[in-house]
Amino acid sequence: MSRISLELVPDPKQIENGIHHLQSIVSGVSAINIPDLPDKFSVRSWEACALQELSGYSRIAHIRASDCDPDQPLPFANAVNKGAVTELLLVSGDPLNSLRK
């Protein structure tokens, strides 16, 4: 079984426009992947997953492991527990924030 996911940036206006455009040209998309880009957008990926426009899709928060402090509670846990985030994509490989220059 194949699955189609569309990646949208965590900007509410772009998500609204992207979903509207998506529905008019493509069928079969079942998931929306939202990368966490705190250096570029004020809305975090897990916050964007809660937007009403995404309610008919699986919502994948795409989070860099290097942005999570292993000694602190996960900042997106509440969104997962409330069902705003239906899936997580945790990506390693980026340098730790403390090592970035």
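Predicted model: local features only at pLDDT ≥ 70, side-chain atom pairs only at ≥ 80, totals over all residues.

S2 and S3 pair in the parallel sense, over 5 bridges. S3 is also joined to strand S4, residues 87-91, by 5 bridges, and these two run parallel. As an example from S4, Glu87 stands opposite Ile60.

How enclosed is S3 by the rest of the structure? Largely enclosed, because 6 of its 7 residues are buried.

In soluble globular proteins, nonpolar side chains tend to be buried together. Here the largest nonpolar core has 20 residues, and those with the most contacts inside it are Ile15, Ile19, Ile32 and Ile34. Which elements give two or more residues to this core? They are helix H1 (12-25), strand S2 (29-35), helix H2 (45-48) and strand S3 (58-64).

Take Ile32 from that list. Leaving out residues up to four places away in sequence, Ile32 touches Ser5, Leu6, Leu8, Ile19, Leu22, Leu54, Tyr57, Ser58, Arg59 and Ile60.

Now the cysteines. How many disulfides does a search of the whole structure find? The count is 0. Cys49 is in no disulfide, and the nearest cysteine sulfur, that of Cys68, is 14 Å away. For a disulfide, the two sulfur atoms would have to be within 2.5 Å. Are these cysteines buried or exposed? Cys49 counts as buried, because its relative accessibility is 1%. Cys68 is buried too, with a relative accessible area of 18%; the cut-off for buried is under 20%.

Last, the aromatic rings. A pair of aromatic rings is described by the distance of the centres and the angle of the planes. This structure holds 1 such pair. The ring centres of Trp46 and Phe76 are 5.8 Å apart and their planes are at 55 degrees, so the pair is tilted. The pair links distant parts of the chain: Trp46 is in helix H2, while Phe76 is in the loop between S3 and helix H3 (77-81), 30 residues apart. Both Trp46 and Phe76 are buried.

That is all I have.

How values were computed. Residues numbered from 1 in each chain as written. Heavy atoms only, no water. Core = buried A, V, L, I, M, F, W, Y, C linked by side-chain atoms within 4.5 Å. Buried < 20%, exposed > 50% of the residue type's maximum accessible area, 1.4 Å probe, protein only. Helix = DSSP H or I, 4+ residues; strand = E, 2+ residues; numbered from the N terminus. Contact = heavy atoms within 4.5 Å. Phe/Tyr/Trp six-rings, centres within 6.5 Å; stacked < 30°, edge-to-face > 60°. Pairing = 2+ DSSP bridges.
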